[in-house]
Amino acid sequence: MQELNFPKFSFRFKNSENKISIFDSIRKKFVILQPEEWVRQHCVQYLINNKGYPKSLINVEKELIINSLRKRYDIVVYNSNGSIHLIVECKAPKIIINQDTFDQIARYNLELNATYLMVTNGLNHYYCQMDFENERYNFLKDIPSFSKQSQ
C-alpha cells in the first residue's frame, strides 16, 4: 500500500482467499484492505495515538439517512456527553479533495452537528471548525487534541 502523510503505525494484516485484510481496532474485526480503508485505519490510529481520543468515543463506518438516502460516514468521534465532536471523511489517496468533498461532509453534518470536520485522502488533510451561527466553516491548521476539547 501507498505511504501516507501520517505517522508510522503498526497494523495487523491477514491474507485470506488472496485478499489482504487489516484489523480495525474500533470494529474489532478484519476488513478488506482497500485504498480508502488504508486511509481510514491510519486516521483512526492518528486520532488515538497522536490526538489522545479514547477508542470508546470513536465510531467507524455507520449508516445515516440524509434526505431519505442511506449514506455511510467514515469516522465519528463523540464527546463524553454523546454529542458529536468530529466527523472525518476519508478518500483514497488518488482522489483529489475538492469542493464536492467538502459539500459531502457538510451534508452529513446537517444531520450530525459535529463541531469539527476533517477531510483526508491520506496525503492531504483539511480541518474545519463549524460556525453554526453564520452557517459556515472555518479552516484550521489541525484539530484539537482530546484533552483540549470540552467534555
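The structure is a predicted model, in which local features need pLDDT of at least 70 and side-chain atom pairs count only at pLDDT 80 or more, while totals for chains, interfaces and linings use all residues. Residues are numbered from 1 along each chain as its sequence is written, and side-chain values use heavy atoms, with hydrogens and water left out.

View 1. Strand β1, residues 13–16, and strand β2, residues 19–24, pair in the antiparallel sense over four bridges; strands, like helices, are DSSP runs numbered from the N terminus (E, at least two residues, for strands; H or I, at least four, for helices), and two strands pair if DSSP finds at least two bridges between them. Two residues lie between β1 and β2 in this hairpin, and Glu 17 in the turn has a positive phi of about 50 degrees.

View 2. Asp 24 has Lys 29 in β3 as its bridge partner, and Ile 22 stands opposite Val 31 in β3. Four residues separate the two strands of this hairpin, and Lys 28 in the turn has a positive phi of about 55 degrees.

View 3. Val 39 is found in helix α1, which covers residues 35–50. Its relative accessible area is 0%, so Val 39 is buried; buried means under 20% relative accessible area, exposed means over 50%, and partly exposed lies in between (1.4 Å probe, protein chains only). When neighbours within four places in sequence are left aside, the residues in contact with Val 39 include Leu 4, Phe 6, Cys 90, Pro 93 and Asn 121, where contact means heavy atoms within 4.5 Å. Between the C-alpha atoms of Val 39 and Tyr 108, which are 69 residues apart along the chain, the separation is 19 Å.

**View 4. The surroundings of Arg 136.** Arg 136 has its place in strand β9, residues 136–140. With a relative accessible area of 45%, Arg 136 is partly exposed. Not counting residues up to four places away in sequence, Arg 136 touches Gln 129, Met 130 and Asp 131. Arg 136 and Ile 96 are 40 residues apart in sequence, and from C-alpha to C-alpha they are 22 Å apart in space.

**View 5. The chain as the setting of the close-ups.** The secondary structure comes to two helices and nine strands, which follow the pattern β-β-β-α-β-β-β-α-β-β-β along the sequence. The radius of gyration of the chain is 15 Å, which agrees with the value near 15 Å for a compact globule of 151 residues; this radius is taken over C-alpha atoms, and the globule rule is 2.2 Å times the number of residues to the power 0.38. Along its principal axes the C-alpha trace spans about 50 × 35 × 30 Å. Of the 151 residues, 49% count as buried, and residues 24 or more positions apart account for 50% of the contacts with a separation of 6 or more.
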